[in-house]
Amino acid sequence: MEWTAATITVAIILTLTLGRTVMDRQWPKAIGILLLVGLIAVPMMISRRTAQSDLKQWGAVEPAIQTAAIIVDTAFVPDHIQFAAGVPAKLIFLRNTGGECNEAIVFPALNKRIELPIGQRVEVEFSGGEVRRLDFTCLKRKMRGFVEFST
Ligand SMILES: [Cu+2]
């Protein structure tokens with residue numbers, strides 16, 4: 001249900017009326033109002049859900065995915081990425097032959113180790129819901145980088 005001025009007004013009136021009937025112990029009236037609300041709200045919610053699944057079927061509500069690539073050499077290039085919070089994100093790591101302990105990277109906060117075979121594209125996906133900064137390092141923690149989700 002959309003929270004337009006009209007639906008908010010109706011909701012306030014119904015809540016006040018319902019409150020009064022409950023205080024006056026007019027139970028049949030209170031039940032009547034609740035049934036009325038159900039009769040209006042349930043079909044609205046069902047039609048809304050149907051509309052959304054139709055949209056999904058047509059690919060219209062597929063979330064956009066932010067992507068960025070990082071070259072892993074003797075350093076991470078670039079060494080930090082900025083993403084918008086609340087949007088799914090994908091980091092693509094591409095490891096060159098440079099560096100000593102780059103066969104994997106670590107995201108300490110996620111307790112995650114990601115193997116980086118030379119010359120292969122490795123994708124790391126984030127739901128991106130929260131505002132946060134995630135650091136990552138090479139295995140000896142000499143090379144450092146981070147990805148930041150901000151508003
Ligand atoms: Cu290293």
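The turns below set strands and their pairing against the definitions.

Analyst: This is a predicted model, in which local features need pLDDT of at least 70, side-chain atom pairs count only at pLDDT 80 or more, and totals for chains, interfaces and linings use all residues. Residues are numbered from 1 along each chain as its sequence is written.

User: What makes β2 (76-77) a strand?

Analyst: A strand is a DSSP run of E with at least two residues, and strands are numbered from the N terminus. β2 covers 76-77, so this run meets the cut-off.

User: How do you know that β1 and β2 pair?

Analyst: Two strands pair if DSSP finds at least two bridges between them. Two bridges join β1 (residues 66-72) to β2, so the pair qualifies. These strands run antiparallel, V72 has F76 as its bridge partner in β2, and a hairpin of three residues links β1 to β2.

User: Which way does β4 run against β1, parallel or antiparallel?

Analyst: Parallel: seven bridges join β1 to β4 (residues 89-95). Within β4, I92 is the bridge partner of A69.

User: Why are β2 and β7 said to stand at the edges?

Analyst: The open sheet has four strands in the order β2-β1-β4-β7, with mixed pairing. β2 and β7 (121-126) each have a single partner strand, so one side of each lacks a neighbour in the sheet.

User: What joins β8 to β9?

Analyst: Six bridges join β8 to β9 (residues 144-150), and the two run antiparallel. F136 has G145 as its bridge partner in β9. Their hairpin has five residues between the strands, and R141 there takes a positive phi near 65 degrees.
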